Amino acid sequence: MICKNIIEKGSPKAALFYVTRLEVEYQINCYLCSLMANDTGANNNFQELISHCKEYGYIFQSSELYDGLAAVYDYGQNGAQLKKNLRDEWWKSMTQMHDNIVGIDAAIFMHPATWKASGHVDNFSDPMIDNKDSNKRYRVDHLIESHAESLNKEDGEKLLSEMDRLLPTDDLGGLKRLIDDNKIKCAISKTSNWTEVKQFNLMFNTQIGSVAGESDTIYLRPETAQGIFVNFLNVQKTGRMKIPFGIAQTGKAFRNEIVARQFIFRMREFEQMEMQYFIRPGSQQEWYNFWKSERRKWLESIGVPAEKLRFHNHVKLAHYADAAVDIEFEFPFGWKELEGIHSRTDFDLKQHQEHSKKKIQYFDNDLNSEGKPFGNYTPYVIETSIGLDRLFLTVMSLAYANEKWTKEDGTEYSRTVLRIPAKIAPTKLAILPLLKKDGLPEIARQIMEDCKSSFQCFYEEKDAIGKRYRRMDAIGTPFCITIDHQTKEDNTVTIRYRDDMRQERISVSELKKLILEKLS
């Protein structure tokens, strides 16, 4: 469509360039997909999951009408509800289940001095390298990691170990030699004709106000944490908060990822759920261990199996941290970071104090070992940070399954099912009248009216009941009820359970209570 518009405007060369660029992007995506898993079955399953997400209203390519925008996605009707349910579970676990954690919603736009103070202007960058033949830009660590996957285990580990040694020191020349020595090739041109390695800042900038100029440049936030730090005193004073206490926030963040890949795992616009826990200096190891354990427990509580999670300590610490660990999940394309726990020390508050010229401290009335108040100090911070989109992908990866079985009479059956835990499933109950006549839809509608204020319901009367069951399985609806002629006689319905397809008759009067018990 875009190509056609360009040609109609009299620019066939531009159209040709656009088509070529699309073809290059397509080849890159195909190559990256081939690297997503060591096992073909896992890779095929992941591609099926991506297709399933679109077919059943979970995720769409952004601006698909105009041929899409790379690494940007829209959440459909079911995806938006699942995402909200996950966000609500996290928010409840933080602000409702802890009496010393409160939530805020800071603006995306912040004073540009915020990002100078935080270190993002000077340090928020990744080493990049361009291939001169394809003009394709790569993040150096991703390029090396992809090559390491093609080597045997020993050589791959040796290559990654050398990369891990060079990255913390920002040895750009050493990284270039590592790429050259290993004859790493571009996926598109198949050549090793590389530029020098350079640092590339990941922040998006834009202009504010009516006149563009140097002083008008602001940034789309690359993380939500700084909105919490600059509001530390506002929250502490108005909430009369006593250390230790936490401030939680969910919201959009933006990073100009050069190599955005693996579906919604790495995007340019994404949503974070972060909590900054303010503590007394010297107690950071105790609280770091506490939140490390607490966050893993929470992930398991929403249905992530313990064997699919592991801790990975950082080799290269961020400029603000004295300890950091990732909780990794085994995605279809390998073990990757799901959540990070960081001991940020007092770096952020002190930086904002220095750049704003305003005192940011806390007076602690508690007594120390000498019987004296701890007095004024800059609190230390433990951060928990999880990507909502990655959590969404985690849930979908675990839930998606293709099943086949043979009945006793030899008939073969199959279904696609999303076993999303009932408490976070987009729709909890599907209400299905057996026929569109004989008063059954009216009874079904009344049940819908009685239940929809308590949990998300879906009504459907089109197609045979078997087809409707299969559709609800594919959407991930944990419970279906069928209203039939017996319902008119004894006020009972057939309830069907998604996970094992078991069916039983229950009274309509007991329906809401049963579903609520299953959701608790």
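User: Over how many bridges do strand β4 and β6 pair in the antiparallel sense?

Analyst: Heads-up: this is a predicted model, where local features need pLDDT of at least 70, side-chain atom pairs count only at pLDDT 80 or more, and totals for chains, interfaces and linings use all residues. Residues are numbered from 1 along each chain as its sequence is written, and side-chain values use heavy atoms, leaving out hydrogens and water. Strands (E, at least two residues) and helices (H or I, at least four) are DSSP runs numbered from the N terminus, and two strands pair if DSSP finds at least two bridges between them. Strand β4 takes in residues 125–130, and its antiparallel pairing with β6 runs over four bridges.

User: Why is strand β9 described as largely enclosed by the rest of the structure?

Analyst: Buried means under 20% relative accessible area, exposed means over 50%, and partly exposed is in between (1.4 Å probe, protein chains only). Strand β9 spans residues 245–254, and it is largely enclosed because the buried ones among its ten residues number nine.

User: Which residue of β9 is the bridge partner of Val 102?

Analyst: β9 pairs with β10 in the antiparallel sense over ten bridges. Strand β3 (residues 101–103) also pairs with β9, in the parallel sense over three bridges. For Val 102, the partner in β9 is Ile 247.

User: Is Gln 272 buried or exposed?

Analyst: Gln 272 sits in strand β10 (residues 269–279). Its relative accessibility is 6%, so Gln 272 counts as buried.

User: Which residue has its backbone nitrogen 3.0 Å from a polar atom of the Gln 272 side chain?

Analyst: Beyond four places in sequence, the contacts of Gln 272 include Pro 222, Glu 223, Gln 249 and Arg 255, where contact means heavy atoms within 4.5 Å. The backbone nitrogen 3.0 Å from a polar atom of the Gln 272 side chain belongs to Thr 224.

Conventions
Polar contact = N/O pair within 3.5 Å; in protein donor to acceptor, adjacent residues only side chain to side chain.
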